Amino acid sequence: MLWRGRTTNMEKLLTELNPGEQGTVVAVQGGRGIQARLRTLGLAEGQTIRKVSALAWGGPVVVEVNRTQVAIGRGMARKILVRCG
Amino acid sequence: MRTSVAGESTRSAEQRPRKHLENDILLVGQPNVGKSVLFSHLTGVRTIASNYPGTTVSFAMGRMRGKGSTLIVMDAPGTYSLEPLDEAARVTVDLIDDAKRIINVVDSTHLERHLPMTLELIAQNKPMVVALNMSDEARHKGIGIDVEKLSVELGVPVVAIAARSGEGVKHLIDACLDLRPGHRPSGNESGHPGHHPHIQHPFPAGRSGAAPEHAHLDRDRIWRRVGELVERVQTLEHHHHTFADRLEELSIHPLWGSLFALVVIALSFSLVRLIGEFLITGAVGIVGKPWLELPFGTELLFEKILQPPLIRLSGLLGPGSFPHRLLIGTLVEGRIDFMQSFGILTSGLFIPIGVVLPYLLSFYFVLSLLEDSGYLPRLAVFLDNFMHRIGLHGYAIIPTLLGLGCNVPGIMATRILESRRQRFVTASLISIAVPCAALQAMIIGLVGRRGIGPVLVVYGTLFVVWLLISLVLRFTTREFQPELLVEIPPYRLPTARALATKMWLRISGFVREALPIILTAIVAVNVLYQLNLFTYVARFAEPVVTRVWGMPSEAVVPLLVGILRKDVALGLFAPLELTGKQLIIGSVVLAMFFPCIATFVVLFRELGFKGGLKSIGIMLLAVFLTGGALNLIL
């Protein structure tokens, strides 16, 4: 599942980030429902996030945003585009 | 392949008739912000509070005295915004409409995440106070908040509190009583921006309930406004890594976290067993020979203290008479056997107090520790992958664990799950394959007499049944599966106060609700035996009970009593002189066959009539096959 209209190499999907790597959310793909839900947990455009860990065999991705840890299912994490460096 | 738009599925949920619930003060806030703790402080009503999002799935009501008047306070389930995404949040939105005053409980350590809803609430034009909870934790983390400035910016009173210790709660009550119902303190009741020179309207115009396009635009404005607010009122100091931080990193690490989870689970089960056995027998040990035996425990209490007067009573009544049968029960080899005699004063007291209560105490102590520490959401994250493979959601583990205590709160807790299918599957699995603590105590007490092996076979079978039913349902009911999206709370040291409150609530609930049913069940059994009514039922049920499951036909009695209480029902196997195999099959079949009456009622209430019937159908098929399979294999 590839991001639509992805441009630079600096931009990665949240699933591609290494544990410990930090970045800024560039965009969240998906319907209004998913966007609103992610936003209530602080996952929205412009926010700085740090990937804490990714559980084995396609398990959830854990990120830290605004000093809170949030666990995100892998499919949902694939819809979050992050710019790092 | 999982694809998802989480939350979308619940939009189409059935339209419930809206209940009108008058309340003077409504506590509103996001999940796991401490509303329940604050509620207990305000009203003195004890509620169950834990450290994971979704503890309160319905609302609690209590009274608060203040300045000569009594106010009704309501504790609503947590919601992330006024656009409800699950059943619990929908309840809150209904309640807000009927509220006279609102206390918006906010987490001081995460202002930027909580203020959006504060702004939505302010736009509702209800008199309200903002309670900045966990201000102690914020101080600890080096987060400074200018409370006065925030109050001016928002145009509503703001009070810093720490609900766990009670700090600032008095101020909050005062601020709340100063609110006049129907009037906004900032003086802009009309909903237009205020003209007071120092008070800006926090979020001009745009009430919720506007057209979707508008609501979307409004959300962007809300988020921008929150960004400004936080910039202005919050200062951050550098925060040093603490032990809790290290533990947090470790317990979410792909490898160490899995080991950590295994250790926590093994430790929890051992602890339940250790404390439970100690309270019953006074022996300290988990398996095999105990390390230490103390003159303590409920067994000793019954054998040494209750036995002598009961023997005298037995002589007085004369064995064989009906009063004797009712009060003492039947003598086993001329003696009172607390497990087998089945009189009101013998087994009727021994089963609930001597066997079940110790295990309930022990189970709820360990569960409360897990709940309050904040570990459960982490466990949900770890199990999410496995759970998805069998068609469930990681968070479904929390209702399931609660179900191991009592199926009733377990099934109610399935409301934290988003989709109807998830709720149906999780609740059905709890009612069929998750034995409650009372039944488990009896399984350990009765089946355990034949060694640890048979106990493990019973547990193993129930686990396989749980697994198989979820797999079958996964492949037969194709529906989209919402993905996990959950906030992981920080670790917190459980407080003795919260622990004691929770234990008290759960144990007193057992005494109040279960004890009368247990005694009723025992009376019913004795009356029916006396009238010899069971022989007819036994003959009717014989084809299945005897031919398929390989049990004696009298085993139908415990199975029927199981509809009232499972613990008493299992006790009825004791006098039947079953073989080891029959006892295992009996225990498994009893655990699965019709849920007890309390669970039955809640199951139908939560799943609806059709859902309940479907669930019962699955149960009947599963129990028929499982009992038959065990009879063939063992």
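**The contact between chains A and B**

Across the interface of chain B and chain A in this predicted model, 16 residue pairs turn up in polar contact, with both partners at pLDDT 80 or more. Looking at where chain B gets its side of the contact, five elements each put in at least two residues that touch chain A: the helices α3 (111–122), α7 (212–233), α8 (243–252) and α13 (376–389), plus the strand β11 (485–488). Of these, α13(B) gives the largest share, with five residues. Sorted by class, the side of chain B that touches chain A comes out as 17 nonpolar, nine polar and twelve charged residues.

As for overall extent, the contact draws 34 residues from chain A and 38 residues from chain B. Putting the two chains together buries about 3300 Å², and carbon and sulfur atoms account for 56% of that area. On the chain B side, the residues losing the most area to chain A are B:R113, B:W223 and B:L485, which together make up 19% of what that side buries.

B:L485 leads on to the strand pairing between the chains. Strand β5 (residues 68–72) of chain A runs antiparallel to β11(B), and the two pair over four bridges. Going along the pairing, A:A71 has B:V486 as its bridge partner in β11(B), while A:Q69 stands opposite B:I488.

Elsewhere in chain B, helix α1 (residues 35–43) is mostly covered, with seven of its nine residues buried. The buried set in α1(B) is B:K35, B:S36, B:L38, B:F39, B:S40, B:L42 and B:T43. An α-helix has 3.6 residues a turn, so residues three or four places apart point the same way. Just after α1(B) comes B:G44, which takes a positive phi of about 75°.

Methods: Residues numbered from 1 in each chain as written. Chains lettered and ligands numbered in written order. Predicted model: local features only at pLDDT ≥ 70, side-chain atom pairs only at ≥ 80, totals over all residues. Heavy atoms only, no water. Contact = heavy atoms within 4.5 Å. Buried area = accessible area lost by both parts, 1.4 Å probe. Polar contact = N/O pair within 3.5 Å; in protein donor to acceptor, adjacent residues only side chain to side chain. Nonpolar A, V, L, I, M, F, W, Y, C, P; charged D, E, K, R; others polar. Pairing = 2+ DSSP bridges. Buried < 20%, exposed > 50% of the residue type's maximum accessible area, 1.4 Å probe, protein only.
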